[in-house]
Amino acid sequence: MGGIVIRLYDELDTFIALGHHTDPSKKADSTLKNLIDDLNGDLSDIFLSKILSYPQILNSLSQFFTQGCLMVLLHSGNENEYVKYSELTSKKISEKHGGKDMGEQPAKRWEKNRYSISYKQPRIFYAGGFVDTMEIATTWDRIVDLYYEVKKVIQDRAFLMAHFSHAYEDGCSIYFTIASKAKDYQDGIKNYDFIWKTALDTVVKMGATVSHHHGIGLSKVSHLKKQLGENVELYKILKKSFDPNNIMNRGKFFGDRS
Amino acid sequence: MNKILPEIFEKFLNTGIHAQYSEKSQKLYICAMHSEDINKIYEIIKKYKVRLSFVDSPNPQIIFEYRPINQNIKINNKSQLCEVDSEYNILKAEKYLNSEGFSLGYYFPPILNNPQYKFRDWISNYHIPAMNYYQSDLASNIRGVDGILPDGRRYSSICAPRMATGSDTNRLLILAGSNLFYPISLNLKIIPIRTDLQIISFSCIRIKNLFSAIASLATKNIRLEFVALYTGNEENSESILHIGYKKNEIFDFKSWIIRTVNNEGVHLINSTIDYNSIRDILFQYTNRTNQIEFLVRYKGIGKFEEILKMLSTNFRIEGYLYRYERNSFSFRVILPENTYQLTRDELMAEISKYSKDISLIDCKEGKSTLIPLSIYSRIIHSCSS
């Protein structure tokens, strides 16, 4: 047997992370190409700084993308027959829903560059902006609404793209990438906190989990409490049971050094 | 004599909560008839700082039971989930789900044998930690829970994919049994029943012929949804081969298999068996103890048949196809407990003569770990989507 790696990118993530081609007949398309050609490399720091300051423009321009969304599928298994079957079935399903086979190149490119994005982040920080990622999860019946709601509440504040990862029969996670810039450092901090708070408030409101597999940490702990509601009392009981001397992560979850 | 219990009893009666006080045993029984009652109960016991125990807890002072009037089950088609009250009868739920094209899963036959079983009973009794996705208890299918903690407080988790943050707490509550948590409702993963399969069945006195058919199937470049072969039951002593393939397959498997091995006696059975039944039969086989697994190259089929004949002189053979590949297959035989060790030793000596074509794995000794767990899923899970 084996498995499939699936990555589904939204329009903007498709455009930026995995390379892009433009339709010369569409003026907006080629303008956009010039604008963000590209966050991956050649843009001057001044220009990068400028475009990050106007996230709403970038986000709204995404409607002019002609490429659509890219889905990368990597099939693996210990038997050729299984892999071929998996590939064929995936192709049939994708085509049934309007997908078009792009060949092996996008997947190979993804595999080669999947960790590269992390090394490009310093340029955004040097330009006075920030970039961060946020992964959340919910069931299939709520996933699309969740994506659009989160996008809606922060698109005026940050340049936003997403891919869908870790798919299961009952749901999947969404991996948002957020980039933005404010006029100065203090404003940047305020903007950063506002984006996280607003996005996670929406996640809780929509009945999704504030984290899929990255965990909670200090940045999400207040929203985990919101997600848990009254259930947080149970966590207190469990903490007391498993850690009666309170030596683990003291003060991290409940505050007051407990 | 406990003075608090009669006082609390009065409070419950005044609030309209069903309650019963036993002065002799110093126990107070309370019963929530609606979900809203839970909050009322919590408010009362919170004041007295007493611990609520559930119906099956040892030495309780206050015993609690939840009897919802309405038993609900709701299917979420898009996410393949079902929300069900813990008081709902499992067999009834499975029947309802079947009528909607779903099933609770292939792990269920042992539980379905008890027609009175409710989801709450199952949670109290079947909290075995899951080893992996395919060989797990139904607890691993829980995606959300709603229930009561010992202090009367309501615990409601959101419904989320299995691996998302928070799912471990749900599992902890479920696996801890009813001392820590009393479930009211559950959100369960359900499996769609496949209706796109065509199943054809063959039987044969000489099992060798059915192995030959599998050899032919394995070497063709065709995709079968499953192949199941097992020895016959009490009514039918002949071995049986089931083949499942998609209804839209253009290949005529029936005439092809008969053409391949007909001269040696294989014949089509007009079987009404469906894939769920096959899945259940295989599930029951794989759960039996005392299994020996034979790994056989196809060219050793004749010799393997001799071994099975030898075994059948001592007891009725029970066995099933465990996996098949292009060059070989494996067949598991269930041995009687009292002769297991002796038979295994004899088999090892016998098989050493054919070591090039046949080898043996003693499943009972744990040597079966040589086989990847995924192989199990190939046989069992391939029957489902």
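Which residue is the bridge partner of Val84(B) in β10(B)? In this predicted model, that partner is Leu186(B). Strands of a sheet pair through backbone hydrogen bonds, and they can do so either parallel or antiparallel.

The loop between β5 and β6 of chain B holds a residue worth a look, Gln80(B). Its phi is near 50 degrees, which is a positive value in a residue other than glycine. Most residues other than glycine have a negative phi. Is Gln80(B) buried or exposed? A residue needs 20 or more other C-beta atoms within 10 Å to count as buried, and Gln80(B) has 22 of them, so Gln80(B) is buried. Asn290(B) also has a positive phi, near 55 degrees, and is likewise a residue other than glycine. This one is found in the loop between α9 (275-286) and β16 (291-297) of chain B. With 18 C-beta neighbours inside 10 Å, Asn290(B) counts as partly exposed.

Chain B has another open sheet to show, this time of 4 strands in the order β1-β2-β4-β3, with mixed pairing. Its edges are taken by β1 (18-22) and β3 (52-54) of chain B, and because each has a single partner strand, one side of each is left without a neighbour in the sheet. Neighbouring strands of this sheet are turned by 30 degrees against each other on average, again ignoring direction. Within the sheet, β1(B) and strand β2 (residues 27-32) of chain B run antiparallel and are joined by 5 bridges. Here Gln20(B) stands opposite Tyr29(B) in β2(B).

Helices pack on this sheet too. Helix α2 (residues 35-48) of chain B touches β2, β3 and β4 (62-66) of chain B, and its direction makes about 150 degrees with that of β2(B). Helix α1 (residues 4-15) of chain B lies across β1 and β2 of chain B, running at about 160 degrees to β1(B).

As a whole, chain B comes to 12 helices and 19 strands. It has 385 residues, of which 34% count as buried. Looking at contacts in chain B with a separation of 6 or more, 69% are between residues 24 or more positions apart.

Now for the other chain. Chain A has 11 helices and 5 strands, and 28% of its 258 residues count as buried. Among its contacts between residues at least 6 apart in sequence, 70% join residues at least 24 apart.

One helix pair in chain A makes a handy example. Two packed helices are described by the angle between their axes and the distance between the axes. For α8(A) and helix α9 (residues 185-205) of chain A, the angle is about 150 degrees and the axes are 9 Å apart. Angles over 145 degrees count as roughly antiparallel, and α8(A) and α9(A) are therefore roughly antiparallel to each other. Their crossing is right-handed. On the α8(A) side the contact is made by Glu149(A), Val150(A), Val153(A) and Ile154(A), while α9(A) brings in Ile195(A), Thr198(A), Ala199(A), Thr202(A) and Val203(A). Sorted by class, this contact has 6 nonpolar, 2 polar and 1 charged residues.

Finally, how do the two chains meet? The contact takes 25 residues from chain A and 26 residues from chain B. On the side of chain A that touches chain B, the elements giving two or more residues are β3 (129-139), α8 (140-154), β5 (171-181) and α11 (232-242) of chain A. The largest share of that side, 3 residues, comes from β3(A). By class, the side of chain A that touches chain B has 8 nonpolar, 12 polar and 5 charged residues.

Terms used: Residues are numbered from 1 along each chain as its sequence is written. Chains are lettered from A and ligands numbered from 1 in the order in which they are written. This is a predicted model: local features need pLDDT of at least 70, side-chain atom pairs count only at pLDDT 80 or more; totals for chains, interfaces and linings use all residues. A residue is buried if 20 or more other C-beta atoms lie within 10 Å of its own, exposed if 12 or fewer, and partly exposed in between; C-beta atoms are placed from the backbone. Two residues are in contact if their C-beta atoms, placed from the backbone, lie within 7 Å. Two strands pair if DSSP finds at least two bridges between them. Axes are lines fitted to C-alpha atoms, for helices over the stretch in contact, and angles run from 0 to 180 degrees between N-to-C directions. Ala, Val, Leu, Ile, Met, Phe, Trp, Tyr, Cys and Pro count as nonpolar, Asp, Glu, Lys and Arg as charged, and the others, Gly among them, as polar. Angles under 35 degrees count as roughly parallel, over 145 as roughly antiparallel, 65 to 115 as roughly perpendicular and the rest as oblique. A crossing is left-handed if the near helix is turned anticlockwise from the far one by less than a right angle, and right-handed if clockwise.
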